[in-house]
Amino acid sequence: MSNQLADDTRPEAVLPALGLLAHELHGAPADTSALTESAISDAIVVDGRTDLATARTICRLFRSSGIALPILLVLTEGGLAALNDDWRVADFVLDGAGPAEFDARIRRLLASEDAEGVIQAGGILIDEAAYSARLGDVPLDLTYTEFELLKYLVMHPGRVFSREHLLADVWGYDYFGGTRTVDVHIRRLRAKLGPEHEALIGTVRNVGYRFAP
C-alpha cells in the first residue's frame, strides 16, 4: 500500500521515524500535482502543521476532483481549532504522535474504506451495499443494468472500454444481444446525469466509452 504526502515532499518531515512504517511513501508538493500523484496511492496524508489555509484547500481540492481516497490530516494541537466537517477528511493525527499510532490510523482508514464498499469519482458516489448511486446530493434512479454499467465505469476512471468489453463484463458472456444495447444504456445514463454532467461519460470515436471525471 502507498500513502500520499501532499505538502513537504520529504516523508520523514511529516512524522519522525516515518521510514519505519511498512508503507511505500510518495511525496508531492501542496498543489494540483498531488492529484495526479494520488493515482498510485491508497491513502492521502496532508501536512497541515504550518499552513492551515493551504492544507484545507488541498483537502477540498481532492474531494471536488472526485478522488475518494481517505485523507489523514497531520495537525498541531493548536490547529485542531480550525478543523471542521468542511475539511472533508477521514481522520487526523497530531504531529507528536509516534509511528505506531500513525500506522494504526492508516490501517483503520483502509479497513473502513474496504468495509463501506463505497466508490466515488467525478462527483458520483456509488454505495454497493445499499445498491444506490448519487450525483452530489441527488439520488440517481437507475435500473439494475444502468447501476452496474455506471459502477463499472466509475471504478475505472479514464479507461476506455469497447462496447464488446462492456457487454462481456457488465451484461455477461451469456448475453446474446448486440452492442447497440450498450449505446442505449449509455444514452439513458447520460440523460439521468443531466445536461451539466452527461459529459462524465465520454465517447471515444471508433473505440467505445470511458468515465471522464
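These are my notebook entries on a predicted model of one protein chain.

**Entry 1: overview**

I started with the whole chain. I found six helices and 12 strands. Of its 213 residues, 42% count as buried. I also looked up how far contacts reach along the sequence: taking contacts between residues at least 6 apart, 52% join residues at least 24 apart.

**Entry 2: strand E3**

Is E3 buried or exposed? I went through residues 43-47 one at a time, and five of the five are buried, so the strand is largely enclosed by the rest of the structure. I then sorted them by face. Ala43, Val45 and Asp47 sit on one side, Ile44 and Val46 on the other, and both sides are covered.

Next I checked the pairing. E3 runs parallel to E4 (residues 71-75), and four bridges join them. One position I noted is Val46, which stands opposite Leu73 in E4.

**Entry 3: Thr76**

Moving on from E4, I stopped at Thr76, in the loop that leads from E4 to E5 (91-94). Thr76 has a relative accessibility of 25%; buried needs under 20% and exposed over 50%, so I logged Thr76 as partly exposed. Leaving out residues up to four places away in sequence, Thr76 touches Arg49, Leu94 and Asp95.

**Entry 4: the four-stranded sheet**

Which strands make up the open sheet of four? I read the order as E6-E7-E8-E9, with antiparallel pairing. E6 and E9 (138-139) stand at the edges with a single partner strand each, so one side of each has no neighbour in the sheet.

Ala121 has Ile124 in E7 as its bridge partner. H4 lies across E6, E7 and E8, and runs at about 115° to E7.

**Entry 5: H4 against H5**

What is the angle between H4 (residues 144-155) and H5 (residues 163-171)? I got a crossing of roughly 115°, with the axes coming within 10 Å. The crossing is right-handed. From H4, Thr145, Glu148, Leu149, Tyr152 and Leu153 take part; from H5, they meet His165, Leu166, Asp169, Val170 and Trp171. By type, these contact residues come to six nonpolar, two polar and two charged.

I listed the buried residues of H5 too: Leu166, Leu167, Ala168, Val170 and Trp171. The buried set packs against H4, E10 (160-162), H6 and E12.

**Entry 6: the cores**

I wanted to know which residues touch the most other members of the largest nonpolar core. Among its 27 residues they are Ile124, Ile126, Leu149, Leu150, Leu153, Val154 and Leu166. At least two residues each come from E6 (118-121), E7 (124-127), E8 (132-135), H4, H5, H6 (180-193) and E12 (208-211). H4 gives the largest share, six residues. Val154 is one member I traced by hand: beyond four places in sequence, Val154 touches Ile119, Gln120, Ala121, Ile124, Ile126 and Phe211. Another core lies apart from the largest one; this other core has 15 residues, including Ala34, Ala55, Phe62 and Ile67. Background for my own reference: in soluble globular proteins, nonpolar side chains tend to be buried together.

**Entry 7: Arg210**

My last stop was Arg210 in E12. With 36% relative accessibility, Arg210 is partly exposed. Setting aside neighbours within four places in sequence, I found Arg210 in contact with Gly158, Arg159, Val160, Leu200, Ile201, Gly202 and Val204. Ala199 is 11 residues from Arg210 along the chain, and I get 10.0 Å between their C-alpha atoms.

Notes:
Residues are numbered from 1 along each chain as its sequence is written. This is a predicted model: local features need pLDDT of at least 70, side-chain atom pairs count only at pLDDT 80 or more; totals for chains, interfaces and linings use all residues. Side-chain values use heavy atoms; hydrogens and water are left out. Axes are lines fitted to C-alpha atoms, for helices over the stretch in contact, and angles run from 0 to 180 degrees between N-to-C directions. A crossing is left-handed if the near helix is turned anticlockwise from the far one by less than a right angle, and right-handed if clockwise. Contact means heavy atoms within 4.5 Å. Ala, Val, Leu, Ile, Met, Phe, Trp, Tyr, Cys and Pro count as nonpolar, Asp, Glu, Lys and Arg as charged, and the others, Gly among them, as polar. A nonpolar core is a set of buried Ala, Val, Leu, Ile, Met, Phe, Trp, Tyr and Cys residues joined through side-chain atoms within 4.5 Å. Buried means under 20% relative accessible area, exposed over 50%, partly exposed in between (1.4 Å probe, protein chains only). Two strands pair if DSSP finds at least two bridges between them.
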